[in-house]
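Dear colleague,

I am handing over the structure we spoke about, together with some notes on what was found in it. Please look through the sequence and the model first, and then read on.

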Amino acid sequence: MSVHVSLAWAGARQFFPVHKMRAFHKLVGSVVSLAALVHTIGHYINYTALSDSSKVYGEDTRSIADYALGSLTGFTGNLMLLAMLPVVGLALEVVRRRIRFEVFWCSHHLFVLIFVLLLLHDDGFWLWFLIPGRHYTQL
């Protein structure tokens with residue numbers, strides 16, 4: 001059963017434009033992109049504060065890059081954000097009209113890399129991956 005059919009059964013059509021799958025896809029993509037950007041900015045603000053506080057208290061100083069890239073979580077998070085750039089950039093209406101559809105379509109398949117990175121990024125993400133991952137592999 002597809003997501004839009006499930007939402008229709010749940011009476012969610014009044015809240016989500018599921019009858020317009022393209023609009024719904026754009027809405028989800030926009031929300032995920034914005035949330036990822038805000039999440040990343042929050043981490044970098046935290047890294048800056050941690051870096052500054054270690055200088056004040058005379059502790060071993062770590063740079064912002066050490067905090068951002070020094071762990072598997074930070075490294076995969078930054079890679080995910082970089083992988084999202086072509087997906088989002090090539091999906092913009094202005095760009096899509098000027099390029100071939102295949103470029104847009106291939107860039108959207110970076111979601112496979114993003115999902116792999118998410119599985120490495122967060123120990124609990126596999127729970128969120130079960131249903132969409134199973135659906136994708138059965139197409």
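Among the elements of the chain, which has the lowest mean pLDDT and which the highest? Please keep in mind that this is a predicted model, in which helix H1 (residues 3-9) has the lowest mean pLDDT, 59, while helix H4 (residues 72-89) has the highest, 94. For the chain, the mean pLDDT is 83, and 81% of the residues reach 70 or more. Where pLDDT is low, the predicted coordinates should not be read in detail.

The largest nonpolar core has 7 residues, namely Ala36, Met80, Ala83, Met84, Val87, Ile114 and Leu117. Two elements, H4 and helix H7 (111-121), each give two or more residues to this core, and the largest share, 4 residues, comes from H4. If neighbours within four places in sequence are left aside, Met80 is in contact with Ile114, Leu117, Leu118 and His121.

There is also a nonpolar surface patch of about 730 Å², made by Leu119, Trp126, Leu127, Trp128, Leu130 and Ile131, to which helix H8 (residues 125-137) gives the most, with 5 residues. Leu119, for its part, is found in helix H7, and it counts as partly exposed because its relative accessibility is 32%, which lies between the 20% limit for buried and the 50% limit for exposed.

Finally, Gly29 lies in helix H2 (residues 21-56) and counts as partly exposed, at 32% relative accessibility. The C-alpha atoms of Gly29 and Ala91 are separated by 9.7 Å, although these residues are 62 residues apart along the chain.

With best wishes

Note on methods
Residues are numbered from 1 along each chain as its sequence is written. This is a predicted model: local features need pLDDT of at least 70, side-chain atom pairs count only at pLDDT 80 or more; totals for chains, interfaces and linings use all residues. Side-chain values use heavy atoms; hydrogens and water are left out. Buried means under 20% relative accessible area, exposed over 50%, partly exposed in between (1.4 Å probe, protein chains only). pLDDT is the predictor's confidence in each residue, from 0 to 100. A nonpolar core is a set of buried Ala, Val, Leu, Ile, Met, Phe, Trp, Tyr and Cys residues joined through side-chain atoms within 4.5 Å. Contact means heavy atoms within 4.5 Å. Patches are made of residues with over 30% relative accessible area and no salt bridge: like charges are joined within 9 Å, nonpolar side chains (Val, Leu, Ile, Met, Phe, Trp, Tyr) within 5 Å. Accessible areas come from the Shrake-Rupley method with a 1.4 Å probe; for residues, only the protein chains shown count as cover. A salt bridge is a side-chain nitrogen of Lys or Arg within 4 Å of a carboxyl oxygen of Asp or Glu.
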